[in-house]
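Me: I would like to learn how to read the features of a structural model. Please take me through this one step by step.

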Amino acid sequence: MTESNEATIEDRNDRKVREGYVVGDKMDKTIVVALEDRKKHPRYSKVLRSTTKVKVHDEENSAGVGDRVRLMETRPLSATKRWRLVEILEKAK
């Protein structure tokens, strides 16, 4: 029984982890984080930046605008919230 429990825990913990910068903290227990993705253009080989904004659950309201944070994917917490704050890597100056 313990082996099957360990296997389910490992499967459950296989979640996306991302790093980004906080761009909004006006909501209660929610922050908006910009995730940057860099892709090389297939023909011209120029590196292009594309940004995605996601809403993140911040239980203690500890993150502020400009902070670098680590996020983890989680179950849907609201209509638009699917991420939770793991840690603040660097506070804004």
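Me: Is R38 buried or exposed?

Reply: The label follows from the relative accessible area, where exposed means over 50%. R38 has a relative accessible area of 57% and is therefore exposed. Please note that this is a predicted model.

Me: Which residue does the side chain of R38 meet in a salt bridge?

Reply: Side chains of opposite charge can pair when their charged atoms come close. Here the side chain of R38 meets that of E36, with 3.0 Å from N to O. E36 has 41% relative accessibility, so the residue counts as partly exposed.

Me: How many salt bridges does the structure hold?

Reply: The structure holds 10 salt bridges. One of them joins the side chains of R68 and E19, at 3.5 Å from N to O. This pair links distant parts of the chain, since R68 belongs to strand β4 and E19 to strand β1, 49 residues apart.

Me: How should I classify R68 and E19 by accessibility?

Reply: The class between buried and exposed is partly exposed, with limits at 20% and 50%. R68 has a relative accessible area of 27% and is therefore partly exposed. E19, with a relative accessible area of 39%, is also partly exposed.

Me: With which arginine of strand β4 does E19 tie together parts that are 51 residues apart in sequence?

Reply: That arginine is R70: E19 lies in strand β1 and R70 in strand β4, so the pair ties together parts 51 residues apart in sequence. Their side chains meet in a salt bridge of 2.9 Å, N to O. R70 counts as partly exposed because its relative accessibility is 24%.

Me: Which residues are linked with E19 in a network of salt bridges?

Reply: The network links E19 with R68, R70, E87 and E90.

Me: How do strands β1 and β4 run relative to each other?

Reply: Strands of a sheet pair through backbone hydrogen bonds, either parallel or antiparallel. In this model β1, residues 17-24, and β4, residues 68-73, run antiparallel and are joined by five bridges.

Me: Over how many bridges do β1 and β2 pair, and in which sense?

Reply: Strand β2 covers residues 30-40, and β1 pairs with β2 over three bridges in the antiparallel sense.

Me: What do β1 and β2 form, and how many residues lie between them?

Reply: The two strands form a hairpin with five residues between them. In the turn, K29 has a positive phi of about 60°.

Me: In which order do the strands of the closed barrel run?

Reply: The order around the closed barrel of five strands is β1-β2-β3-β5-β4, with mixed pairing. From one strand to the next, the twist averages 50°. Along the sequence, by contrast, the pattern reads α-β-β-β-β-β, that is, one helix and five strands.

Me: Which totals describe the protein chain as a whole?

Reply: The chain has 93 residues, of which 23% count as buried. Its accessible surface comes to about 7300 Å², with 47% belonging to carbon and sulfur atoms. For contacts between residues at least 6 apart in sequence, 49% join residues at least 24 apart.

Technical notes
Residues numbered from 1 in each chain as written. Predicted model: local features only at pLDDT ≥ 70, side-chain atom pairs only at ≥ 80, totals over all residues. Heavy atoms only, no water. Helix = DSSP H or I, 4+ residues; strand = E, 2+ residues; numbered from the N terminus. Buried < 20%, exposed > 50% of the residue type's maximum accessible area, 1.4 Å probe, protein only. Contact = heavy atoms within 4.5 Å. Areas by Shrake-Rupley, 256 points an atom, 1.4 Å probe, with all protein chains shown as cover. Pairing = 2+ DSSP bridges. Salt bridge = Lys/Arg side-chain N within 4 Å of Asp/Glu carboxyl O. Axes fitted to C-alpha atoms, helices over the stretch in contact; angles between N-to-C directions.
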